[in-house]
Amino acid sequence: MNIYKLTFKDKAEGDKDLLAKGTYEVVTEEGVTQDVYTNGTQAIVYIGQIVEVPATYDKDGNELTPPIYYAGVFYDLMTTEEIDFGIHELFPVDCVHSFLGYAKNAEGTDIPEELTIE
Amino acid sequence: MANPSLQIGNDKWAIKEDSLLGYTELGNNIAPVEIDMTRASAGTRVNPQGLVETVELLGSEEVTNGDFATDTDWTKEASWSIANGKASYNGVSNGHRIYQNIPLTIGKTYTATLDILDSSGNFRISVDGGTAAYTNYTSGDGTYTFEFTSTAVEFSIRASMGYGSDTISVDNISVKESTKNNLARVNYTGSTSSLLAEPQRTNTVVYSSDFSQYSYGGTAPTLTTGQLAPDGTYNATKISGVIGSTSLYTNAESSTTASRSIYARTVSGTGTARLTSYNGNTNNLFTLTEEWQRFELTGSNSDGGTNFYAADFRGSQTLSEFIIWGCQSEEATYPTSIIPTSGSTVTRNQDQYSKTGISDKINSAEGVLFLEMAALSNDGTNRYISINNGGALDYLFFRYRSDNQFQIRYRSNNVDSVNQTFSLSNNLDFNKIALSYKLNEFKIFINGLQVGSTITSGNIFNAAVDSLDLEKFNGGDIFFGKIKQLQVYKTANIDLAALTL
């Protein structure tokens with residue numbers, strides 16, 4: 001199984017690239033549109049923005065200073081296929097998202113379950 | 001009445017990796033029919049004992065002499081000895097190990113269990129087959145379970161003491177290969193069992209049950225860990241707060257439209273508490289009892305937007321302390337089974353089932369499809385169960401429609417023989433639904449009653465069908481719901497009233 005950590009300028013660019021690479025297709029039936037995974041795609045997870053510097057809050061949970069985000073938006077893709085995403089692929093060491101049963105920092109190709117990276 | 005040519009469930013469940021075992025009854029014998037199953041991640045369910053668990057298949061025992069009955073099979077480094085039915089470490093030479101060349105398969109996942117005995121003071125151990133950083137800690141005598149992915153063929157235990165005088169003993173070591181992906185989930189509600197098929201979901205709460213990671217407002221809560229949890233572990237937490245002051249929350253891990261859920265119970269008696277969202281909301285006051293319940297909040301939250309409040313004592317409620325476990329926030333209209341998290345958001349993949357090449361189980365000329373099933377939600381999506389041949393001309397399907405109605409369609413060479421849409425009394429209840437088909441005779445029965453009258457004109461499949469899919473006849477619109485039983489008959493001569501009663 002392959003898990004790719006991806007970044008794009010925005011969601012429109014990410015969706016377009018993933019669609020172009022055949023990871024899913026958009027199907028509309030009776031006015032209901034859905035994304036259908038294709039060609040070995042197991043899951044596409046839109047993570048969105050990732051916080052680089054957390055916001056600060058007062059004792060009541062009100063935001064004092066807003067968070068600072070890394071540039072762009074992020075996706076996790078799980079697929080049986082090997083796909084070249086070029087500059088869009090990342091290799092983070094401390095990931096904010098994982099798949100149930102896999103190590104938090106699993107990424108790259110041929111990922112076993114629960115690979116523990118020390 | 002004839003036996004089904006294919007059955008699933010009806011309280012007879014069996015699973016293996018990548019498949020759910022359907023079956024055919026042959027006299028007193030049962031012949032398995034493997035239904036292909038895909039979910040390339042782990043998943044949780046409620047087991048027959050009522051405990052939440054990750055569905056897992058364990059292989060055979062890998063360790064020899066795990067009870068240390070004899071001083072054999074294990075290689076002992078300095079400070080380790082085997083005697084009196086256990087392996088003991090005297091704490092003199094830190095970092096040394098006792099190990100066994102099983103051999104483990106590098107890259108595979110294993111579950112190890114062991115008993116810690118005679119522990120004194122501070123220590124830590126590592127149980128893995130690799131280079132063994134001391135990542136796994138024990139906290140006194142007891143039974144521990146660890147999961148690891150092997151990076152070496154040896155299974156090793158290393159001990160590293162906090163103090164030179166500390167000692168520890170180990171007994172009853174078990175190591176088994178663990179499989180969690182692509183396993184069907186049979187979920188129990190009391191004594192009722194059903195196949196659970198759920199969509200892909202992400203729990204955006206980063207620590208689902210570690211409340212030491214949460215922030216608090218007002219008077220600091222007292223968190224008492226080590227409480228018995230819905231999964232049978234002692235990982236639940238008692239929270240004691242001050243009504244009118246305390247809150248316990250995580251920042252920016254939910255949304256105003258997310259479905260939020262949490263398990264909670266009282267310490268004793270019955271009372272109310274505000275859970276999962278800001279106290280100013282009106283839909284978050286729940287009644288807790290001494291039994292574990294999962295409380296679910298759906299619909300928009302007007303206040304406290306993106307924070308997930310495990311507990312918010314600032315509004316009106318009666319309980320100043322209770323026990324909590326398993327927070328979850330999903331960006332969707334209804335909650336699904338718990339997705340445990342510990343340091344990141346986590347995604348469970350969708351469940352998919354299909355079986356092709358069963359023309360010997362499906363009669364294209366006449367037959368019956370019978371299901372006892374329930375929807376997970378009226379969420380405006382299409383969810384199909386179909387018999388088909390992969391094309392778009394000949395098929396039959398049962399469908400929960402996007403308009404929350406239910407549809408049965410039988411199509412021959414792109415022409416409808418049956419196409420009926422109706423309302424079930426409640427999509428979320430289990431309904432028994434059957435369609436019988438043969439040339440110029442089609443019948444629909446639901447819960448013992450015929451829907452409409454027998455359809456007396458209509459063709460049978462023009463091209464043979466040979467597949468059963470929990471999705472649309474040509475892919476997509478996956479069935480997410482619960483199935484108690486599914487039956488396929490090769491004859492239409494079935495008493496549908498009795499079958500669906």
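Predicted model: local features only at pLDDT ≥ 70, side-chain atom pairs only at ≥ 80, totals over all residues.
**Exercise 1.** What is the area buried between chain A and chain B, and what percentage of this area do carbon and sulfur atoms give?

*Solution.* Residues are numbered from 1 along each chain as its sequence is written, chains are lettered from A in the order in which they are written, and side-chain values use heavy atoms, with hydrogens and water left out. Next, take the buried area, which is the accessible area (1.4 Å probe) that two parts lose on being put together, summed over both. Between chain A and chain B this area is about 2,700 Å², and carbon and sulfur atoms give 43% of it.

**Exercise 2.** State how many residues each chain brings to the contact, and describe the salt bridges across the interface.

*Solution.* With contact meaning heavy atoms within 4.5 Å, chain A contributes 31 residues and chain B contributes 43 residues. A salt bridge requires a side-chain nitrogen of Lys or Arg within 4 Å of a carboxyl oxygen of Asp or Glu, and the rule finds three across this interface. Arg399(B) forms a salt bridge with Glu30(A), where the closest N and O atoms are 3.1 Å apart.

**Exercise 3.** Which residue of E30(B) is the bridge partner of Phe99(A)?

*Solution.* Strands (E) are DSSP runs of at least two residues, numbered from the N terminus, and two strands pair if DSSP finds at least two bridges between them. Three bridges join E11(A) to strand E30 (residues 345-348) of chain B, and the two run parallel. In E30(B), Thr347(B) is the bridge partner of Phe99(A).

Definitions and conventions:
Helix = DSSP H or I, 4+ residues; strand = E, 2+ residues; numbered from the N terminus.
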